[in-house]
Amino acid sequence: MSATLVAHRKIKSICMIVFLVECHPSQRSRLPPFSLKDDIEVTIPPVQQQSNGTDCGVFAIAFPTALCYQLNPASLKLNRRVIRAHLWDSIQNGYLGMFPFKEASSKEIDRSFTIQVYCDCCFPYNPNKDRMAECSERKRWFHKKCQHIPDKVFKFERFKWQCKDCKNV
Ligand SMILES: [Zn+2]
Ligand SMILES: [Zn+2]
């Protein structure tokens, strides 16, 4: 699998967890306290928000563009009336200049939280997508899909399952 694809899948998975934690706090209890393998610190800077249901893509391009121009996205007030036209011009000209903006000072501070990741793939646990089981040998948690864990492991609580690495020793 290419590094880009891995990064893309990882970002997608993180977005899903951010969505669960941030937008549906009631879902937080669905993220159980599995033994920790590693964690990722996620920081959300207080950037300008879109005011309609369609500009998310333009903002998602404008903020990393600001980083490329060594500007702090949290200190920008983008001119919403012209950012779409700017993007369209940039695509046509094959050159992406900084989006029109004014300096802005936000009184809000960064929000941050930690996401736990598991398994050899170092992805979070997504209860909507996959189950996880603990290796009885190493006491580490693995995704069902990554290790092709058989259903009986989840059916019978006393079933001792070993991950591929431990099995092959
Ligand atoms: Zn995995
Ligand atoms: Zn193991």
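The paragraphs below walk you through this protein, from its overall plan to a few single residues.

Keep in mind that this is a predicted model, in which local features need pLDDT of at least 70 and side-chain atom pairs count only at pLDDT 80 or more, while totals for chains, interfaces and linings use all residues. Residues are numbered from 1 along each chain as its sequence is written, and chains are lettered from A and ligands numbered from 1 in the order in which they are written.

Let's start with the overall plan. The protein has six helices and seven strands; helices (H or I, at least four residues) and strands (E, at least two) are DSSP runs, numbered from the N terminus. Along the sequence they follow the pattern α-β-α-β-α-β-β-β-β-β-α-α-α. Of the 169 residues, 12% are buried. A residue is called buried if 20 or more other C-beta atoms lie within 10 Å of its own, exposed if 12 or fewer, and partly exposed in between, with C-beta atoms placed from the backbone.

Now look for the sheet. Strands of a sheet pair through backbone hydrogen bonds, either parallel or antiparallel. Here, an open sheet of three strands has the order β1-β4-β5, with antiparallel pairing; two strands count as paired if DSSP finds at least two bridges between them. The edge strands are β1 and β5 (123-124), each of which pairs on one side only. Seven bridges join β1 to β4. You can find D38 bridged to V117 of β4, and V42 standing opposite F113 of β4. Strand β1 (residues 38-44) lies largely in the open, because zero of its seven residues are buried.

Which residues make up the largest nonpolar core? A nonpolar core is a set of buried Ala, Val, Leu, Ile, Met, Phe, Trp, Tyr and Cys residues joined through C-beta atoms within 7 Å. The largest one has 11 residues: V117, Y118, C119, F123, Y125, M132, C135, W141, F142, I149 and C163. Strands β4 (111-118) and β7 (141-143) each supply at least two residues of this core. A second, separate core of five residues includes A66, L76, L78 and F99.

Next, turn to a pair of helices. Two packed helices are described by the angle between their axes and the distance between the axes. Helix α2 (residues 56-68) and helix α3 (residues 83-93) pack at about 70°, with axes 10 Å apart; axes are lines fitted to C-alpha atoms, for helices over the stretch in contact, and angles run from 0 to 180 degrees between N-to-C directions. The two helices are therefore roughly perpendicular, a word used for angles of 65 to 115 degrees. Where they meet, V58, I61 and A62 of α2 touch I83, R84 and L87 of α3, a contact being two C-beta atoms, placed from the backbone, within 7 Å.

Finally, visit two loops. K139, between β6 (132-134) and β7, has a positive phi near 55° although it is not glycine. K139 counts as exposed because it has 8 C-beta neighbours inside 10 Å. H148 sits in the loop between α4 (144-147) and α5 (152-155), with a positive phi near 50°. H148 has 9 C-beta neighbours inside 10 Å, so it counts as exposed.

Technical notes: Parallel < 35°, antiparallel > 145°, perpendicular 65-115°, else oblique.
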